[in-house]
Structure formats: structure tokens, C-alpha cells
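Hi,

Here is the structure I promised to pass on. Have a look at it first, and then read on for what turned up.

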Amino acid sequence: DKDVLEAGDTATFTITLSNSGESAAKGVRLTDVLPAGLLGTNLDETFDLIAGATKTFTLATTASGSARGTITNTAQVVWNAQTLKAPASVSVLEPAQIKLTKTVDKDVIEIGEIATFTITVQNTGSSVATGVRLTDVLPVGLNGNNIDQTFDLKSGEIKTFTLTTAANGDARGMITNTAQVVWNAQTLKAPASVRVLEPAQIKLTKIVDKDVVEAGDKVNFTIAVTNTGASLAQGLRLTDVFPAGLIGQGLLESFDLKPNETKTFTVPATVANDAKGVITNTAKVTWNGQEFTAPASVRVLEPGQLKLTKTVDKDVVQSGDKVNFSLTVTNTGSSTARGIELVDVLPVGLNGQNLNQTFDLKAGESKTFTVPVTIADNASGSITNTANLNWNGGQQQASASIRVLEPASLKLTKTADRSSAQPGEKV
């Protein structure tokens, strides 16, 4: 009933025997011995066949697993010293052949990176492969969905499966992922491997170019962030927020770091005028749920200690005199005094230019200022001239006084030696 079979298919042979004569045929023996490749029950029947009669026999067979090519099954009749033969053939196709392959799109990945495996199942035989079961159970280190599929494959048919995975935090070194096909009592395996790099490792350092400073000094903090691991570090966030006592912009940066890459940042700052003691400035990196910190400190010297003195070159004067006031500011402390303001506003009775000076003084340094004045015409009595000194360490005053002499007071009188005289007389 079939010309072409596959291994495991059934084929039914039909044998028909007819007596076309006018008398009965007695002792007819029919045999059909199945050839190699066909499974079933052989036929061996002896019978009589009356004139004009027909007998039909069916022989059910199954193509065995070893069956190949054309198989001829021959029925034979022996009767009355005669032998009759009738052949019938079936062609058994080559059995299904399964080929399993597996590839991965990346040989080397980092933690968190995606790797896609491609699995191909092909039937290279001439028959249908039924009940093919493909499984792929992911090993430790890879996250994703396992595969478990059962299907049939026609001759020449290919089925392709993709398996998307990600290296998890436990992944290290070489990881092999194996696909497996179970079919027709056979087991086929196809491995594919990826190498997972060691995770990124972050190192944060911070230094400052001066560790002892004074108020007003400028300093530079240098921050270095290094990836000492073998994988890319993505999404690092670096912050440097200045504490009280330091003035500047600080730092906020986001970036990635390749393996063994270092990024360096310079953060300038100015020491505030009111800064004191030790000031610690800490940089912070946040990455991958971790936090790294690196401090660097400066010690601020105590602010300068100032002394103000004031003298005058004459302490007793008259209206119109010119005098000079001398102001001396000395820093007796151990650090620079910055933003010093010296003011000398002349009081009534002194004519000249007021003094208003702003300057810095290093430790041990002095500055002297001369204020020339003229005594006003209406000046009198004692006049005190006071200078005021202001800086971040405090305030001071210094005075110098002069006494203005009263101006000369004249009286004119005139008398005659007689009250009357004659012309020509001397008086």
C-alpha cells in the first residue's frame, strides 16, 4: 500500500491468488518469507482453490530501524510441481539524522553584560525525526530562561533557538553552557563557552598641594579614581563638597572607567578668612551600590596678631603749622593677616587727606603710613587724632594728640608829653 517508507513505518502487502482453470487446484502452498528490513509474520498457507475462485492474503510489515533502500518482498506459490513468484518492493528512506550546534555572540563578557547563545537543530537525514527534545539548563553564573522544547523535524528542516543570558555577580572565569538533544534513544550535546572577566575594582585617592595654610591661601586638591579590575566600571559618580573654611566650586562628575584606567581631577579652593584649625575635605565615589571615600586635610595657622602705633612729629603747634602723623602696623603673629583695613579720619582742626588703606601683612612684617596735616587757623586747645584698624583677628585703635598754642593778642597805645604846644615847639 506504500511505495516509500521511513524506518518504523508500516506497509501492508496484498497477495491475490486466482484459479483461472476449469478444475480445482488442490494442495496449493503459498509462502511469503519477509526479507531483512521488514518486520512481521511470515506467511505459509496450504489450501485448495476451486475453478474460478480467488483468495486474497494481507501481510502487515514494519520497516525496521536498519532498513535501507529498496526492499523486495516476494510471495511464492508451489502447486502441481510448479513454482509461481510475485514480488512487490518498497523503498525505505535513510533515517533521520540530527545535527546539533551551538554558538555564542561573545567570547569574553563582563559582569552584567549580555551574551546570546544560538542553538541550531537540523535533520540531515531523509526521514522525519519525531519527538526531538531540546534542553538547555543555564549553569551557575548566567541568568536567563532555560530551554525545554519537544518538536518534530522534517527531512532537511532546521530549527533555531536563541537564549539570552547575562553574567551575574557570581560569574568568574570560563563558563560553559551546554545544549542537549534527546531523540530516538540518542543523546547529542553541544557546548559553547564564555569567559567572564574579573569585576571592576575602584580605588580612590586624594592629596592636597599644601598641608599647612593661612587664611586666604589658595590650595589644590587632586583626586584620582582608578579601575584596578578587569571589567568596565560604568556609572561612577564622584562628588567633593567643600566643608566650612574652604571656598570654591567643589566637584560633581559622572563617568565610566575602562580596566586599569585612571581619571584625575584637580579641585581648587581658597582658605576662608575665618578658617581655623584642621579642615578635612573628603571626596566620595558611589558606584554599583558601593561607596568609596578619600579625605585630605589642611591645617590653618592662627590668624595674624596685629599691633598699631601712632606718633606725631610735633606735639605743640600753632595755627598754620604742618605736622606728620606716623601709623605703624606690625604683624606679631605666626601667619599672614589678610584684608587689614586701616582708617584715619582727621578731626576738626586738622586739614589734610583722610587715610583709608586695605592690605595684607605677613608674619613679622610691618607697614608704616604717614599722614601729613596742616593746623587749621581756628584750631585751639588739644586735638586728638585716632586711627582704627580692623582685620579678621579683631580691632585696634591708636591715637596721637597735639596742643595748639593760643594765637598772639596785640594792644597798641600812644601818648604825647604835653597836651598843648606853640608852633615851632618840639613835642
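Let me start with a charged pair: Glu 198 and Arg 172 form a salt bridge through their side chains, with 3.7 Å from N to O. Glu 198 sits in the loop between strand 17 (186-196) and strand 18 (202-208), while Arg 172 sits in the loop between strand 15 (158-167) and strand 16 (173-183), so this pair ties together parts that are 26 residues apart in sequence. Glu 198 is partly exposed, at 45% relative accessibility, and Arg 172 is partly exposed too, at 39%. Please keep in mind that this is a predicted model.

A second salt bridge joins the side chains of Asp 240 and Lys 206, at 2.6 Å from N to O. This pair also links distant parts of the chain, since Asp 240 belongs to strand 21 (residues 233-240) and Lys 206 to strand 18, 34 residues apart. Are these two partners buried or exposed? Asp 240 is buried, with a relative accessible area of 2%, and Lys 206 counts as buried as well, at 8%. The cut-off for buried is under 20% relative accessible area, so both values qualify.

There is also a salt bridge between the side chains of Glu 291 and Lys 284, at 3.8 Å from N to O. Here Glu 291 is exposed, with a relative accessible area of 52%, whereas Lys 284 is partly exposed at 32%. In total, the count comes to 10 salt bridges. As background, side chains of opposite charge can pair when their charged atoms come close.

Now for the nonpolar side of things. The largest nonpolar core has 32 residues, and those with the most contacts inside it are Ile 202, Phe 221, Val 225, Leu 236, Leu 238 and Val 285. Two or more residues each come from strand 18, strand 20 (218-227), strand 21, strand 23 (251-257), strand 24 (262-271), strand 25 (277-287) and strand 26 (290-300). Strand 26 gives the largest share of this core, 5 residues. In general, nonpolar side chains tend to be buried together in soluble globular proteins.

Leaving aside residues up to four places away in sequence, Val 225 touches Ile 202, Leu 204, Leu 236, Leu 238, Phe 255, Leu 257 and Val 285, among others. Its contacts also include Lys 203, Glu 261, Thr 262 and Lys 263.

Terms used
Residues are numbered from 1 along each chain as its sequence is written. This is a predicted model: local features need pLDDT of at least 70, side-chain atom pairs count only at pLDDT 80 or more; totals for chains, interfaces and linings use all residues. Side-chain values use heavy atoms; hydrogens and water are left out. A salt bridge is a side-chain nitrogen of Lys or Arg within 4 Å of a carboxyl oxygen of Asp or Glu. Helices (H or I, at least four residues) and strands (E, at least two) are DSSP runs, numbered from the N terminus. Buried means under 20% relative accessible area, exposed over 50%, partly exposed in between (1.4 Å probe, protein chains only). A nonpolar core is a set of buried Ala, Val, Leu, Ile, Met, Phe, Trp, Tyr and Cys residues joined through side-chain atoms within 4.5 Å. Contact means heavy atoms within 4.5 Å.
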